[in-house]
Amino acid sequence: MKKPTSLLFALASSVVLLSHCATKPQPEAAAGPKTAATTSEATDELDDYAVVQVSDPLEPLNRATFKLNDGLYSYLFKPVSKTYETVTPRPVRRGLDNAFENIKFPVRFVNSALQGKFDRAGKEVGKFGLNTIAGVGGLFKKSDEIPALADVSAEDTAQTFAEWGLGQGPYVVLPLLGPSTVRDAVGLAGDYALNPANWGFAAQGSVRDLAWIPSLANNIRLMPDQFSRYDESKANAVDPYVSVRSVYYQNRKALEEQ
Amino acid sequence: MKRRSLFALVFAVLCLQGPMQASTAEAEQQLRKAVDEVLSIADRESDKGKLAEAVRPALMRNISFETMTRRAVGPGWKLFSAAQQKQATQLFTTLVIRTYSSKFTPGERPVMSYQAAVSPAAGRVDVPTKLVYKGSRYSVTYRMEQAGSWKIVDVVIEGVSMIANYRSQLDSQFKSGGAASVIKSLEQSVARPS
């Protein structure tokens with residue numbers, strides 16, 4: 001019981017800390033009709049891609065971590081991911097993905113509610129119920145067949161912080177986990193704590209009782225998708241570090257706006 | 001006073017709606033045609049290595065690579081010589097075609113559904129789509145502009161704009177070493193096996 005309490009405390013104190021040193025984030029090369037087209041940065045009147053510098057004071061360290069991660073991915077984790085893809089037929093992987101996403105329901109439900117999006121929270125309950133019962137414990141994503149439930153934007157803890165007006169803080173490349181910001185990293189800890197797949201491990205904290213298996217399985221099943229996204233942001237890039245950073249900021253901004 | 005301005009607004013919207021709808025419909029139709037064309041080529045080509053070359057002519061017809069390159073480079077573009085602009089456009093075209101075609105896996109046909117197109121400015125239409133590919137759902141918005149015919153000027157996948165992404169990279173290249181540095185970095189990316 002000690003573990004979750006201390007995790008919760010760490011989470012709460014970092015939120016307080018964050019709100020004190022909150023600086024407004026500056027999205028990088030934002031694409032959207034809201035940006036002024038007539039700045040000196042524009043190349044023509046319909047150009048709205050003005051480049052805004054992101055807050056990256058740790059860039060030298062981040063670049064080093066980025067390189068380290070890239071090596072770890074290539075030589076350690078991609079082989080694991082490939083092996084998983086080879087030994088598991090696609091329908092099985094699909095089913096596992098669906099089941100783990102279904103189990104993650106508290107992350108989406110709690111954060112929808114914390115943002116006051118009760119309609120969305122209600123839809124999450126509907127999705128969870130439908131997929132668990134009609135989808136055999138979440139193995140089949142029955143909710144995709146219902147238009148109203150097919151595109152419910154998934155909320156997470158970092159989006160809740162954004163909704164509450166917390167500043168993003170500087171960009172950080174986390175060892176193993178990759179691109180994030182100070183705020184979003186705290187959000188990741190929140191998501192981890194809210195995901196039932198991790199509860200067994202977090203509560204026991206012992207390797208001997210097999211409670212770590214769901215958590216590990218969840219991380220392995222996520223790999224193929226994450227690596228394909230990572231490789232895509234890197235492929236054909238002029239500067240892979242900047243490309244991955246830009247993809248991160250743009251994607252998070254889009255999620256926050258939904 | 002308030003009522004009158006409301007009336008003026010309603011009237012203005014009514015006046016605008018006619019031509020606006022016509023242009024969004026036209027842009028969407030052009031996009032559907034382009035997407036169908038590219039998908040049917042991608043469907044026939046089973047060799048992933050040859051895909052980029054196979055779809056190249058169709059993409060050349062439907063994408064405005066000049067606009068894309070200019071905006072990807074950013075304000076520094078004005079300081080490029082005509083020859084440098086041409087060279088940068090050629091290199092960037094190859095890069096975009098490669099980026100686009102690398103997303104296809106032979107034998108996997110994406111299912112697209114089109115959503116209501118919007119026109120954020122005169123001569124510009126954004127067409128949001130939902131894409132189901134290999135069992136996953138993606139949101140993809142095509143940004144189109146009218147230059148004679150309607151052409152694609154950006155593809156925004158899950159909120160990530162391809163052009164904004166290149167702008168962040170190429171703008172810093174320009175700031176560090178001018179047009180020569182931009183072209184050199186593009187050459188290096190094209191030379192790197194994808």
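Phe92(B) first. Leaving aside neighbours within four places in sequence, Phe92(B) is in contact with Phe65(B), Met68(B), Thr69(B), Ala72(B) and Leu186(B). Bear in mind that this is a predicted model.

Phe92(B) is also among the residues with the most contacts inside the largest nonpolar core, along with Met68(B), Ala88(B), Met144(B), Val182(B) and Leu186(B). That core has 44 residues. Which elements of chain B give two or more residues to this core? They are helix H1 (2-44), helix H2 (48-62), H3, H4, S3, strand S4 (136-147), S5 and H5. The largest share comes from H5(B), with 10 residues. There is a second, separate core of 11 residues, and its members include Val172(A), Val173(A), Tyr249(A) and Val160(B).

Next, helix H3 of chain B. Eight of the nine residues of H3(B) are buried, so the helix is largely enclosed by the rest of the structure. The buried ones are Phe65(B), Thr67(B), Met68(B), Thr69(B), Arg70(B), Arg71(B), Ala72(B) and Val73(B). Two arginines are in that list, Arg70(B) and Arg71(B). What covers these buried residues? The cover includes H4, S4, S5 and H5 of chain B. Just after H3(B) comes Gly74(B), with a positive phi of about 95°.

Gly74(B) takes us to Ile163(B). The two are 89 residues apart in sequence, and their C-alpha atoms are 9.9 Å apart in space. Ile163(B) sits in helix H5 of chain B. Is Ile163(B) buried or exposed? It has 25 C-beta neighbours inside 10 Å, and the cut-off for buried is 20 or more, so Ile163(B) counts as buried. Not counting residues up to four places away in sequence, Ile163(B) touches Met68(B), Arg71(B), Ala72(B) and Asp154(B), and also Tyr49(A) in the other chain.

That contact leads to the interface. Here 36 residues of chain B are in contact with 29 residues of chain A. On the chain B side, the elements giving two or more residues are helix H3 (65-73), helix H4 (82-101), strand S2 (118-121), strand S3 (124-133), strand S5 (149-157), strand S6 (160-161) and helix H5 (162-191). H5(B) gives the most, with 13 residues. By class, this side has 11 nonpolar, 15 polar and 10 charged residues.

Now chain A. It has 11 helices and two strands. From the N terminus, the order is α-α-α-α-α-α-α-β-β-α-α-α-α. Of the 258 residues in chain A, 31% are buried. Among contacts with a separation of 6 or more, 63% are between residues 24 or more positions apart.

One helix to look at in chain A is H3, residues 90-103. At 1.5 Å a residue, its 14 residues should span 20 Å, and the end C-alpha atoms are 20 Å apart, which agrees. Which residues of H3(A) are buried? They are Gly95(A), Asp97(A), Asn98(A), Ala99(A), Asn102(A) and Ile103(A). An α-helix has 3.6 residues a turn, so residues three or four places apart point the same way. The buried residues of H3(A) pack against helix H4 (105-114), H5 and helix H10 (212-234) of chain A.

Two backbone points, one in each chain. Val136(A) has a phi near 50°, which is positive in a residue other than glycine. Val136(A) is in the loop between helix H5 (118-133) and helix H6 (147-150) of chain A. With 13 other C-beta atoms within 10 Å, Val136(A) is partly exposed. In chain B, Glu158(B) also has a positive phi near 50°, and Glu158(B) lies in the loop between S5 and S6. Glu158(B) has 15 C-beta neighbours inside 10 Å and counts as partly exposed.

Last, confidence. Chain A averages a pLDDT of 84, and 81% of the residues score at least 70. Over residues 1-27 of chain A the pLDDT is below 50, and this stretch has 38 contacts in the model beyond near neighbours in sequence. Residues 30-38 of chain A also stay under 50, with 20 contacts beyond four places in sequence.

Terms used: Residues are numbered from 1 along each chain as its sequence is written. Chains are lettered from A and ligands numbered from 1 in the order in which they are written. This is a predicted model: local features need pLDDT of at least 70, side-chain atom pairs count only at pLDDT 80 or more; totals for chains, interfaces and linings use all residues. Helices (H or I, at least four residues) and strands (E, at least two) are DSSP runs, numbered from the N terminus. A residue is buried if 20 or more other C-beta atoms lie within 10 Å of its own, exposed if 12 or fewer, and partly exposed in between; C-beta atoms are placed from the backbone. Two residues are in contact if their C-beta atoms, placed from the backbone, lie within 7 Å. Ala, Val, Leu, Ile, Met, Phe, Trp, Tyr, Cys and Pro count as nonpolar, Asp, Glu, Lys and Arg as charged, and the others, Gly among them, as polar. pLDDT is the predictor's confidence in each residue, from 0 to 100. A nonpolar core is a set of buried Ala, Val, Leu, Ile, Met, Phe, Trp, Tyr and Cys residues joined through C-beta atoms within 7 Å. The expected span of a helix is 1.5 Å times one less than its number of residues.
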